[in-house]
Amino acid sequence: MAPPSKSQQRTNAITYDSFLWLWTVIIDLFFREIHPRSTWRIPRTGPVIFVAAPHANQFVDPLILMRVVRADAKRRIAILIAAKSMKRKFIGWAAGLMQSVPVGRALDDKKPAEGRIWLPDAEGEPYKILGEGVDFTNGDFVQGGLLVLPSVNNVAANAEIAEVVSETEIRLKKAFKGDVAMMQLSAGDSGHEVNGMTNGDSKEKPPRGTKFQVAPHIDQGAVYDAVFQRLHEGGCIGIFPEGGSHDRTELLPLKPGLAIMALGALEKDPDCGVTIVPVGMNYFHAHKFRSRCVIEFGPPIPIAPELVGQYRSGNKRDPVGKVLEEVTDALKAVTLQAPDYETLMLVQTVRRLYNPQGKRLPLPMIIELQRRFLRGFEKYRDDDRVKKIKKGVMEYHKKLMQLNIRDHQLSYAKYPWWKVIGVFLFRAFKLAGLALASGPGVVLFSPVFVGGKLISIRKAREALAASTVKIQARDVIATWKILVSLALAPTLMIIYTAIGTYWTYRNRVGGRVPEWIPLWFVTIFQAPLYLFACYWALRFGEIGMDIFKSLRPLFLLLFPSSSNTLVRLREQRTALQEQITEIVNELGPELFSDFDQQRILGDPQHTPHSPSRSRPSTPNHTRDGSNDIDALRFTPASPTSPKPLTRKRTDSNELPRNESFGNINSFPIFATRPGTPNRSRSRTNSSDGFKLKGFTALNSGKKKDDDSEKKGLEAVSRELKAAMRERGKRRSKSGWEFERDDGSEGEDEGKKGV
């Protein structure tokens, strides 16, 4: 394929940027905040393969990735998209304009096959498959095709065909894996339950093996050629290597295509310098409107020349496996990987409880803290102390769910009864005001809200039925909410404009519109009016929902029985907080050698285990003025700075973020990432404990000997540590309100997001 001309490249670039801007507006309306981290790691020149995971949000993930890379690195990405998606009229048209590359997937074309298959000798010949009532030579079964077993617990095993031996025999390239697959393929000889039937429970002997599906072989030669051309031109490719979107809490096995693309490009042109950049897509309620996202970029991965040499020599399996292993490890470092949903809920609840200083955390810190808790839980999950804390935390989480309240709302339990009544009435009046303000827009565009929800649920059910990896198919919900809104909102605006124009033409809206106002002006005036009403309903409706959710705990506090329950639950929370802080201080240094230097949340009452200071040290390397650093160290993502870590007094009557009128004027029209603070982050009371003066030279005046200088430094160090301990004690005694971070909006936080 010949490379496009300069004029064609310019046209493609303008089209890409125009449509990306349009999608950016839509994405910014759907998400409350999109926070990029470590974008300085993106190479500004040369070919790059962006490998993003987990793929938790179908068509939304590529848009977010393209948006961030274009905004922060000034680069354009060609996304690899499923050929099945390209067949959808609107999706295929939009993806074509964005220079996407269609990729065929065998599982998208699978179909039921006749007969049954079974494994005659699982131990001796695991690659030999026999069939009954099926003809393997009918053309549907070809080398490179797939045999797909029935789905069990939303997981369907599959294996690639190596050779069709006869009408009733096939040999596999790799054997089926997993106990469930072995059970399905040997059902006639086992007493286990398979597909709802248990051997031994029926007098009639069940048939051998299992029903199955067959998928064709897909030739990806054209795809690789398009990718190689893009990379050799110095462009960027974006790929989601799990093979499809899903809503699981862990990564799916990566497909070898990404390694073949990198190695193949270097095989054809060893000097092209292809690098792989891992990208972590970390969501808070990925499927919900006005949710949050942290997109984190890992260090670029160069391909070793010896791997390219092995690949060129014909030994492709080893270098492909090594590249996949390296990419998998890099993705695990920028994503949240929980073995199951219960573990994810446990870690998120522990993260909320663990906050010795009551600081408000920005989103990247929340993700990093959860990642460290997951690592600690994986290592110490069999420790009796960890088991005890797990049991207490799960009981606490269960009680919160039963009461239908959030963790941060327990801080209301400290209010006296008269204050509870006052706050409840005050918020109820504000909610009523917001309802009146957003009411017209809600009524006019209710078909969009209701239709988007209903259609997305129906599409999720269809996707779940067709998938072998999805759990609830939440990964398609956000996409269909956006698509339905794009179709219904403009349609409703056109209908309302036509009705208003016709009404004006007939009787001037009952005589309310003066005759001197022309009809064309009425038509033009209605478009921005309905657009403003829709946006007003979205923004005030969002704040109103936050206030509405805060009313339930206040309402419960009005009754003695439920009030006592909240007070006891708050006491249980305090006890759990102390236990978690204690075990973190004890096990943290064992897990991380530089725990005291690089901890995210410091504990003033904790004595450092290492001889060096316990506060985070200055990063030893940065790029482009960024403060972002690697491993256990943490600073805000470039290029913006997060909000200061602040605390709220317990006597504060302020609502959490987005629950009051006070911050309405601070919202940008389309709010995404936090802006750079326009004031100093230093606190005016930071010198409490002892007075600080300007630094003086250590050698000023008379020259002192080394011993006296050392004693002076030790004295200053002792005074500093004593003042920090005293300040920490005063803070812990004064009482601070529970942390409410930007990610604690419900039980299924994280994936997907987390």
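## Contact of α10 with α17

Val350, Arg352 and Leu353 in α10 meet Arg573, Leu576, Gln577 and Ile580 in α17 (contact means heavy atoms within 4.5 Å; helices are DSSP runs of H or I of at least four residues, numbered from the N terminus). By class, 4 nonpolar, 1 polar and 2 charged residues make up this contact (Ala, Val, Leu, Ile, Met, Phe, Trp, Tyr, Cys and Pro count as nonpolar, Asp, Glu, Lys and Arg as charged, the others, Gly among them, as polar).

This is a predicted model, in which local features need pLDDT of at least 70, side-chain atom pairs count only at pLDDT 80 or more, and totals for chains, interfaces and linings use all residues. Residues are numbered from 1 along each chain as its sequence is written, and side-chain values use heavy atoms, with hydrogens and water left out.

The axes of α10 (residues 341–353) and α17 (residues 560–591) come within 9 Å and cross at roughly 95° (axes are lines fitted to C-alpha atoms, for helices over the stretch in contact, and angles run from 0 to 180 degrees between N-to-C directions). α10 is therefore roughly perpendicular to α17 (angles under 35 degrees count as roughly parallel, over 145 as roughly antiparallel, 65 to 115 as roughly perpendicular and the rest as oblique).

## Contact of α10 with α12

α10 also packs with helix α12 (residues 384–403), at an angle of about 90° and with the axes 10 Å apart. These two helices are therefore roughly perpendicular to each other. Glu342, Leu346, Thr349, Val350 and Leu353 of α10 make the contact with Lys390, Val393, Met394, Tyr396 and His397 of α12. Its residues divide into 6 nonpolar, 2 polar and 2 charged.
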